[in-house]
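Work through the exercises below with the sequence and the 3D view open. Try each task before you read its solution.

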Amino acid sequence: MLKILQNIDRRWVFLFMLLAVAIPILAKTVFPVNISPQTMMVFNAIEDLPDGSRILLSYDFDPASQGELLPMAQAFTRHCSIKGHKQYYMALWPLGSPMVDLSIDTIESEYPNLVYGEDYVKFDYKTGGEAVIRMITQDLRGMYELDSKGVSLDNIPMTKNIKNIQDMDLIINVSAGDPGTKQWVQFAATPFGITTVSGCTGVQAPQMYPYIPDQLAGVLGAIKAAAEYEAAIDEVYPSIASNPKAQEAKRRMGPQLVAHGLMVCLIILGNIIFFVSRKRGLA
Amino acid sequence: MKRTVPLIIAIVAGFVLLIANFIPFAEDWGLTAQEWFNILAVGAMILGGGNLVKLHLMKISGQRKGWGYSVVTIGCFVGTLIFGLFKIGVHPNEIYPNVGWSGYYLEGGSGLWWIYQHMIVPLTSMMFAMLAFYVATAAFRAFRAKNTEATLLLVTAGVVLLGQTYAGVWLFEGWLPESMQWLRFDHLTEWVMNIPNTGGTRAITIGIALGVVATSLRILLGVDRSYLGQD
């Protein structure tokens, strides 16, 4: 038995992982969500702003991280839309721009009362990473003369009076790496005191915690925090709970639970094999 | 000359950005330098593209091992470039209907949109999703409690893995007394992230920052010239 376990084909592990992820997805299993204080910090940063506040949303991620970050990006969009905040979208990653389009689609389909140019606007991707941030903290038009539709910022109601992003009430950054939250903290949040919150991948989250609470008003780390954020929105705005698209992160917690459980079982099993082998002088 | 001019450019640009950060009078210099940087960044993208083509063409012409992959790379690169640059399948912008190529480059149904939607999205998502399988098999084969440090890491990983799901709550539901609720895995995960992780990351970040200051000073003063290359 020990020998079989020691030499188990790794394709069995792949199969178990496939089942661990597939079964909860197919069974549509949803588990309860406990909202953590960290998530409430992010929720309150948006919720406590007066309706119609100016919020800059930078989507610094691409399709590779879409599974982990898109649900929280969409939740940010829904929360801002419900509150009637003015949403300014941009991206520091070339493939972040199509991610913004998905949020724009959400606004157009779920909040038809919101008007492009009055309630939300999109700036196209510009190369330069942190240099883009540095520039728009001083001069927005130095980087974006036009919006993504080719309209001059001076002719758009919600941008004509904006000089730079110091006029924003909040920055929301959804980040999968560099340039991302770290650069927003270094070049916008810290030097100019602009309140900033971040939604980032699980790998990045530990690096962001030291910035809380002064340089970042809160961090959502990975899909778990996104699920908690969705639950927080549901609690305050029960009407959104009936929208299945607004429950995407919660739905993804099912596969995460089973997959993490499997990982822990595999680690325990691997260590049992290791200790028994060592005892028998086989390791 | 080949080394002196780039050295002077680097030193002057570095000092301008440094001064612009601390002296309000020089703030505009910093903005100008950043505008230059953005223009250069576009140039760097062209240079990067050119370099990619050159390297793979050399590989193909020499028929070196794996040259077939280079053909695929060049084909995809050129194809995407043509679809994106010439905006094939993109309609003119509604505001400027008579201006060619004025439409949105990723307009639904266009060539680049098709490449993005049906090639880039599934391929990059697949690469990320495959991590789950590799991490699982690595955890099974390599994550061993060989010594005290490894055991500590292993226990912490187990707690955080379960704390990141509802299992962290569910495992303790109904039997753990109120005074011991801090032992729940979700609470322990929060503690791990907020206290040891934050402390450790802060220390590393400050260390890195000091290292960056030292390296930057060496570059600004012309002591470190390794970034200029060898010839």
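## Exercise 1: Strand partners

V174(A) has G199(A) as its bridge partner in β5(A). Strands here are DSSP runs of E with at least two residues, helices are runs of H or I with at least four, and both are numbered from the N terminus. The model is predicted: local features need pLDDT of at least 70, side-chain atom pairs count only at pLDDT 80 or more, and totals for chains, interfaces and linings use all residues. Residues are numbered from 1 along each chain as its sequence is written, while chains are lettered from A and ligands numbered from 1 in the order in which they are written.

**Task.** Trace the pairing from strand β1 of chain A to strand β4, then β5, then β6.

**Solution.** 

Step 1. Start at β1(A), residues 54–60, which runs parallel to β4(A) and is joined to it by 6 bridges. Two strands pair if DSSP finds at least two bridges between them. Y59(A) has V174(A) of β4(A) as its bridge partner.

Step 2. Move on to β5(A), residues 196–200, which is parallel to β4(A) with 5 bridges between them. Here I172(A) stands opposite V197(A).

Step 3. Finish at β6(A), residues 218–221, joined in parallel to β5(A) by 4 bridges. G199(A) has L220(A) as its partner there.

## Exercise 2: Two faces of a strand

**Task.** Are the faces of β4(A) and β5(A) covered or open?

**Solution.** 

Step 1. Apply the burial test. A residue is buried if 20 or more other C-beta atoms lie within 10 Å of its own, exposed if 12 or fewer, and partly exposed in between; the C-beta atoms are placed from the backbone.

Step 2. Check β4(A), residues 170–175: 6 of its 6 residues are buried. L170(A), I172(A) and V174(A) lie on one side, with I171(A), N173(A) and S175(A) on the other, so both faces are covered.

Step 3. Check β5(A): 5 of its 5 residues are buried. One side holds T196(A), S198(A) and C200(A), the other V197(A) and G199(A), and both faces are covered.

## Exercise 3: Covered helices

**Task.** What covers the buried residues of α8(A) and α6(A)?

**Solution.** 

Step 1. List part of α8(A). Its buried residues include W184(A), V185(A) and F187(A). Their cover includes β1, α6, β4, β5 and α9 of chain A. Just after this helix, G193(A) has a positive phi of about 65 degrees.

Step 2. Turn to α6(A). Among its buried residues are V132(A), I133(A) and M135(A). The cover of α6(A) includes α7 and α8 of chain A, together with α2 of chain B.

Step 3. Compare α4(A), residues 66–83. Its 18 residues reach 25 Å from first C-alpha to last, close to the 26 Å expected at 1.5 Å a residue. The expected span is 1.5 Å times one less than the number of residues. In α4(A), 14 of the 18 residues are buried. G84(A) follows, with a positive phi near 70 degrees.

## Exercise 4: Where the chains meet

**Task.** Which helix of chain A gives the largest share of the side that touches chain B?

**Solution.** 

Step 1. Count the contacts: 50 residues of chain A are in contact with 49 of chain B. Contact means that the C-beta atoms, placed from the backbone, lie within 7 Å.

Step 2. Find the contributors. Helices that each supply at least two residues include α2, α4 and α6 of chain A. The largest share, 15 residues, comes from α11(A).

Step 3. Sort by type: 26 nonpolar, 18 polar and 6 charged. Ala, Val, Leu, Ile, Met, Phe, Trp, Tyr, Cys and Pro count as nonpolar, Asp, Glu, Lys and Arg as charged, and the others, Gly among them, as polar.

Methods: Two residues are in contact if their C-beta atoms, placed from the backbone, lie within 7 Å.
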